[in-house]
Number of protein chains: 2
Amino acid sequence: MEKIEIAHGSGGSLTKELIENIFLKYLDFEELKSLQDSAYIRINSSKIAMTTDSYVVKPYKFPGGNTGKLSVCGTVNDLTVSGAVPKFLSLGLIVEEGLPIKELEEIIKTIAETAKSAGVSVVTGDTKVVEQGKCDRIYINTAGIGEIKRTFSSEKVKPGDLIIVTGTVGDHGIAISLAREEFDMEIPVESDCAPLNSLLVPLFDIEGVKWMRDPTRGGVATVAVELSEMADCGITLFEDKIPVKESVNFVCDMLGYDPLYLANEGKALIVVDKKDAEKVLKKLKEHPLGKESAIIGEITDRFKGVRLKTKIGGERILDLLEDDPLPRIC
Amino acid sequence: MEKIEIAHGSGGSLTKELIENIFLKYLDFEELKSLQDSAYIRINSSKIAMTTDSYVVKPYKFPGGNTGKLSVCGTVNDLTVSGAVPKFLSLGLIVEEGLPIKELEEIIKTIAETAKSAGVSVVTGDTKVVEQGKCDRIYINTAGIGEIKRTFSSEKVKPGDLIIVTGTVGDHGIAISLAREEFDMEIPVESDCAPLNSLLVPLFDIEGVKWMRDPTRGGVATVAVELSEMADCGITLFEDKIPVKESVNFVCDMLGYDPLYLANEGKALIVVDKKDAEKVLKKLKEHPLGKESAIIGEITDRFKGVRLKTKIGGERILDLLEDDPLPRIC
């Protein structure tokens, strides 16, 4: 392949190729190689997590949020699933000439509200303006740093461990898809976009919690495949246990999407030792963002990779997303 | 004004308006309000500086560098002038569909080389791909964190202090301008784009060094105006002391640019107590990046604002950049 394609940014197999063949070839920094959601770094005696994401979602306003909300939640969640308490965010804006100032104001307001509700401070920022046709209204980058409280690692993941999802999957993907107005459907689906630190940080104290990840680009299936590779294990997911909203299922059926590959922006996958699974589930369900948490799978040594036990009793092998059905989802 | 204009991103008076009327209205976080190049934050007992910048320079390759080199230097320099030793960078790429992978590779290679030469690690990253016509080849955001070694403050700036610039001004602005090929001139001007930490960190030990800033967007004049406002003082700049390359002067004359308002990407302005000025100057000149350092001005209480003593013996009042003669310079 000679040119960058949309799928290089999908979080799937082409993204992986780019990272391995180009980024890691030159950027051979120790902290980067782990390819976790956040880097683990040290300044003096302080253990810090650092992460970054750019948000180019289209459209930049959608039911349940806008790119501003997304830019805070995404980075807060990346820090959280890395075992850190999110503390500080930077904010880099690229704005297209002609954007109504009122709309910029709305986004900034949402960023401030979301940051405050998540207990993080926006401490530094930058704004660039580019000509019309050189951006799509607004792109936002946030980098975040947090204080590491717990070290999660895929190495601790063992056969018998259970996999929990903290709620319904695919909501964000469908909300964005419908917001594009390419389809004439009046179905109310809101993005699940939410900061997860208040839900997940209390789990840091539970020993049996071994690993977390937020299934954004590429969805639950992609995260599961990545985990099975990192932990060198097999994963069984049970389709009938995976919570999917009826409306999301309906749109997926109509458009031929698989909810397991759709982005989420307010959900986590958690690997937990069987002995602590019920305890974790109970704690999650007590929180407004975790009410629909469910055990959806298990780690096994009987095979490698990810297999889905389907509702009708069959088995499907899940792989990395090859091509992106829905680019610019975040 | 109802819509975002190019000049809102120029670093001049419209940028200031945006920051005051919109950003600070909602993002009322203590650490942000100082509006320094970096935020001062604390994690446990560690004092940390954090900063961010997006780089949208056009064209993304130019004599002396590319947007990758710029994205490392800019963030390293923002940390350094804030009294911090730069340590870690995040890297957020927004890439336009169709960019040749070879060109992406070249940029990533430059980023790695520049980071290594500056002694910083790229620890976390993200890549998004957008459709053709929604980006201009590549935009890069870097956020950086460093360890604070010295607290600079405009409050310490007093009448009698001297202002040093660490080399010729306007090189980056002219290099970019010529690289746009809008002008049919064969004049070799290279961007001064360079990481300044090895030049400036050794000055942290000198008590008389009170304040530093890298004059990027808006140039030396804009930084001087901002300093005069923050320190509530007057500033006299001496035109005949300000080093400007002959080729840069030539192009400025041709195109009607003022080198004092042109961006630099490898220079610093330093305010120093008179007693330590010669010592600082000597140290700067010993470094390859500081050979042409010069004392170019002084702080005064005889007036407010910035006045330029011109070569021909007159006086010109310098103000913030009103409109941007050269957008997307960084």
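A polar contact is a pair of N or O atoms within 3.5 Å; within protein, one must be able to donate a hydrogen and the other to accept it, and residues adjacent in sequence count only if both atoms are side-chain atoms. By this rule, 33 residue pairs are in polar contact across the interface of chain A and chain B, both residues of each pair being at pLDDT 80 or more. The model is predicted: local features need pLDDT of at least 70, side-chain atom pairs count only at pLDDT 80 or more, and totals for chains, interfaces and linings use all residues. Residues are numbered from 1 along each chain as its sequence is written, chains are lettered from A and ligands numbered from 1 in the order in which they are written, and side-chain values use heavy atoms, with hydrogens and water left out.

The interface also holds salt bridges. Between chain A and chain B the count is 13. A salt bridge here is a side-chain nitrogen of Lys or Arg within 4 Å of a carboxyl oxygen of Asp or Glu. One of them links A:Glu105 to B:Lys25, at 2.9 Å from N to O. On chain A, the elements giving two or more residues to the side that touches chain B are helices H1 (13-26), H2 (30-33) and H4 (101-118), together with strands S1, S2, S5 (84-96), S6 and S7 (138-148). Helices (H or I, at least four residues) and strands (E, at least two) are DSSP runs, numbered from the N terminus. The residues on this side of chain A divide into 40 nonpolar, 19 polar and 24 charged. Ala, Val, Leu, Ile, Met, Phe, Trp, Tyr, Cys and Pro count as nonpolar, Asp, Glu, Lys and Arg as charged, and the others, Gly among them, as polar.

The contact (heavy atoms within 4.5 Å) takes 83 residues from chain A and 83 residues from chain B. The two chains bury about 7300 Å² between them, 67% of it on carbon and sulfur atoms. Buried area is the accessible area (1.4 Å probe) that two parts lose on being put together, summed over both.

Chain A carries an open sheet of five strands in the order S1-S2-S7-S5-S6, with mixed pairing. Strands pair if DSSP finds at least two bridges between them. Strands S1 (39-43) and S6 (121-130) of chain A form the edges, each pairing on one side only. S1(A) runs antiparallel to S2 (46-55) of chain A, joined by five bridges. A:Ile41 stands opposite A:Ile48 in S2(A).

In chain B, an open sheet of five strands has the order S1-S2-S7-S5-S6, again with mixed pairing. Five bridges join S1(B) to the antiparallel S2(B). There, B:Ile41 has B:Ile48 as its bridge partner.
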